[in-house]
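Keep the sequence and the model at hand as you read.

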Amino acid sequence: MRPYDGCLYGFVRDQVEVRGHIELRTTFTDGTASRTVNIRYLVVNAPSAYNILLDRPALNKTRAEALTRHMKMKLPSLEGTLITIKFDQKAAKKCYENSLKTKRGVCTVTNQPPGGNGLPE
């Protein structure tokens with residue numbers, strides 16, 4: 001991992017610490033066609049339901065179109081065919097719900113009499 005000077009804003013309502021970046025060969029495939037490109041990923045210190053987010057430079061580099069409403073991404077292969085990556089909506093929803101469960105803490109609040117130490121006398 002290489003150092004990265006800068007911060008990520010607006011990701012989880014606040015500034016997020018970027019620990020560094022790494023460039024990885026990433027393959028996009030739909031089972032019939034594929035395309036491999038080098039993509040720079042930022043490593044951040046933030047709780048998230050997502051494992052990875054592709055930014056605009058990565059989408060532009062691959063000439064990909066993200067169809068968030070349909071949970072698909074389309075990009076051209078080097079051979080000129082269209083690669084369509086479909087996302088499983090049920091699995092994505094379950095992953096998101098599970099990430100919310102792990103962020104919730106349980107807190108118990110007890111009332112103590114004024115001046116008391118909370119211990120039985």
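## Starting at M1

Let's begin with M1, which lies in the segment before β1 (7–8). Helices (H or I, at least four residues) and strands (E, at least two) are DSSP runs, numbered from the N terminus. This is a predicted model, in which local features need pLDDT of at least 70 and side-chain atom pairs count only at pLDDT 80 or more, while totals for chains, interfaces and linings use all residues. Residues are numbered from 1 along each chain as its sequence is written, and side-chain values use heavy atoms, with hydrogens and water left out.

M1 is exposed, with a relative accessible area of 62% (buried means under 20%, exposed over 50%, partly exposed in between, with a 1.4 Å probe and protein chains only). Together with I22 and L24, M1 forms a nonpolar patch on the surface, with about 280 Å² of accessible area.
Patches take residues with over 30% relative accessible area and no salt bridge, joining like charges within 9 Å and nonpolar side chains (Val, Leu, Ile, Met, Phe, Trp, Tyr) within 5 Å. A salt bridge here is a side-chain nitrogen of Lys or Arg within 4 Å of a carboxyl oxygen of Asp or Glu.

Strands β2 (residues 16–29) and β3 (residues 34–45) run antiparallel and are joined by 12 bridges; two strands pair if DSSP finds at least two bridges between them. In this pairing, F28 stands opposite R35. The hairpin has 4 residues between its strands, and G31 takes a positive phi near 95 degrees.

## The three-stranded sheet

An open, antiparallel sheet has its 3 strands in the order β4-β5-β6. Because β4 (65–67) and β6 (82–86) stand at the edges with a single partner strand each, one side of each is left without a neighbour in the sheet.

Strand β5 (residues 72–76) pairs with β6 over 5 bridges, and K74 stands opposite T84 in β6. The β5–β6 hairpin has 5 residues between the strands, with G80 in the turn at a positive phi of about 100 degrees.

## The whole chain

How many helices and strands does the secondary structure come to? The chain has 2 helices and 6 strands, following the pattern β-β-β-α-β-β-β-α along the sequence. Of the 121 residues, 20% are buried.

The chain exposes about 10200 Å², with carbon and sulfur atoms supplying 50% of that area (Shrake-Rupley method, 1.4 Å probe; for residues, only the protein chains shown count as cover).
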